[in-house]
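Here is a walk through one protein chain, taken a step at a time.

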Amino acid sequence: MEVASGSGDKAGFFTQGRSWLKALPVKFKANMVGMASNIKKLGQEDPRRVVHSLKVGLALTLVSTLYYLRLFNDYGLDAIWAVMTVVLVFEFSVGATLEKGLNRGMATLLAGGLSIGAHHLAKHSGHIGKPILILFLVFLQATISTFLRFVPKIKARCDYGMLIFIMTFSMITVSGFQENILELAQSRLSTVSIGAAACVIVSIVVFPVWAGEDLHNLIALNIEKLGNSLEGFGDVYFKRTGGEESKDDKKFLEGYKSVLNSKNSEESLANFAAWEPCHGRFPFGHPWKLYLKVGTLARECAYRIEALNGYLNADIQASSEVSNIIQEACTKMSRESGKSLKELALAIKIMVQPSSADSHIENAKSAAKNIKSLLKSGIWEDIDLLKVIPGVTVASILIDVVTDTEKISESIYELASKAQFKSVEPTLSPKKLRSGQNQSVKSAQMVNCPDVGINVRE
């Protein structure tokens, strides 16, 4: 019986192995198809990723061509640093590439100069004292430089440069024992400069990606998403209390969620934008920091909207009696706040004064004033407290949303003033300006607002 059982186990094992081998090509094909589908989707989401990949290949080919043409003969093996610089420095946007390139160039220049000074100082220390002093200076600079990397401002703007400084100083100083320190420092600086120059030229000349423009469009898109979420909240909420809810409505209201996690992207883009030269609609000295202020206020508003959406599916809902009392004012607050945010988003996109949002903000403030009067009145005394609290809480949050919308408007007015946005004047010619701006906004979705024609005055 045991022999028969063992034979059965072996047969089962071989059967499973044969089935696995037969299924292997099918699984491999399915995985390849899935991978190809993901790669295609990645490129379709942002075609600039494909262009960036080609640009990196072009820069590397350019530097490698110079190497094969023997233009680097004087540098010997140090010529490989030009290729390494391209790999390490080339980033997605012009600003990020400039930041890394300038950081690497300045760090290499400073480290080379200090390493020459360190060797000159060590010459006067005698045969025994020279290596001791050199090693001490390497230890000292590495310690100080590493500690400075913890300083917030240095970490934000020069962290990569500090890292290159530590590496270059140590390598040149230690290598200087065996080689001519001046030639070593010069070749390192020259090859790094060639690699960095290739990156910057290709990044700017070939289909440039500007971090400043991405930041501009991101802020406008985030505010537009807040406006879309708010504009439909009142209608959806009071349908919900009446027993109706649409999945499409709920999905439409959740656009604000991406705004909650946009802080890191905004800060990185603002940092890179500060390194970029003037381009397109953005002159030198454009107030990029003000975009971060607008973004911060937008996130505060997004947290309010998240709190509001928590009441769409709450276990305890406001009674129909409470809903009838607050519905008109709450719906008006959410709708008018949403419209004002969408107008503000459009004003940022086309870089005009956001005066078109003022009337909506005033309407929202008027509705907030009305709901405050209702909340202070004595009409709630005869209503069950548990049925009053949800509706009153929603009304209170919407009042805060109106305040946040007003703050966002003020910050955009400040941005418009500092960035010298164009003034606008309502006219009877619809669609003219908006249709001309659709081409300039590639990474953001245009706002769906009623047709408004405006004349632009310089």
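**A guided tour of the chain**

Gln420 sits in the loop between α16 and β1 (423-427). Its phi is positive, about 55 degrees, although Gln420 is not a glycine.

Before going further, a word on the model. It is a predicted one, in which local features need pLDDT of at least 70 and side-chain atom pairs count only at pLDDT 80 or more, while totals for chains, interfaces and linings use all residues. Residues are numbered from 1 along each chain as its sequence is written, and side-chain values use heavy atoms, with hydrogens and water left out.

Now step back to the whole chain. Its secondary structure comes to 17 helices and two strands; these are DSSP runs numbered from the N terminus, with helices being H or I of at least four residues and strands E of at least two. Of the 458 residues, 41% count as buried. Among contacts (heavy atoms within 4.5 Å) with a separation of 6 or more, 83% join residues 24 or more positions apart.

Next, find helix α6, residues 152-175. Its 24 residues should span 34 Å at 1.5 Å a residue, and its end C-alpha atoms are 32 Å apart, which agrees. The expected span is 1.5 Å times one less than the number of residues. Along the way α6 has a kink of about 85 degrees centred on Cys158, where the bend is the angle between axes fitted to the seven residues ending there and the seven starting there. The buried residues of α6 include Tyr160, Phe165 and Phe169, and what covers its buried residues includes α3 (80-89), α4 (94-123), α5 (126-148) and α7 (181-205).

Helix α14 is our next stop. This helix has 31 residues and reaches 43 Å from its first C-alpha to its last, close to the 45 Å expected. It bends by about 55 degrees at Ile326. Because 22 of its 31 residues are buried, α14 is largely enclosed by the rest of the structure. Just after α14 comes Met351, with a positive phi of about 55 degrees. Met351 lies in the loop between α14 and α15 (358-376) and counts as buried at 9% relative accessibility.

Which helix does α14 come within 7 Å of, axis to axis? The partner is α8 (residues 211-231), and the two axes cross at roughly 165 degrees. That makes α8 roughly antiparallel to α14, a label for angles over 145 degrees; under 35 counts as roughly parallel, 65 to 115 as roughly perpendicular and the rest as oblique. The contact involves residues including His216 and Ile223 of α8 and Arg335 and Leu341 of α14.

Helix α8 also meets α12 (residues 263-273): their axes come within 8 Å and cross at roughly 145 degrees. Among the residues making this contact are Leu215 and Leu218 of α8 and Leu269 and Phe272 of α12. The axes are lines fitted to C-alpha atoms, for helices over the stretch in contact, with angles from 0 to 180 degrees between N-to-C directions.

Finally, look at Val402 in helix α16 (residues 385-418). Val402 is buried, with a relative accessible area of 5%. Leaving aside neighbours within four places in sequence, Val402 is in contact with Met333, Ser337, Ala364 and Lys365.

Conventions:
Buried < 20%, exposed > 50% of the residue type's maximum accessible area, 1.4 Å probe, protein only.
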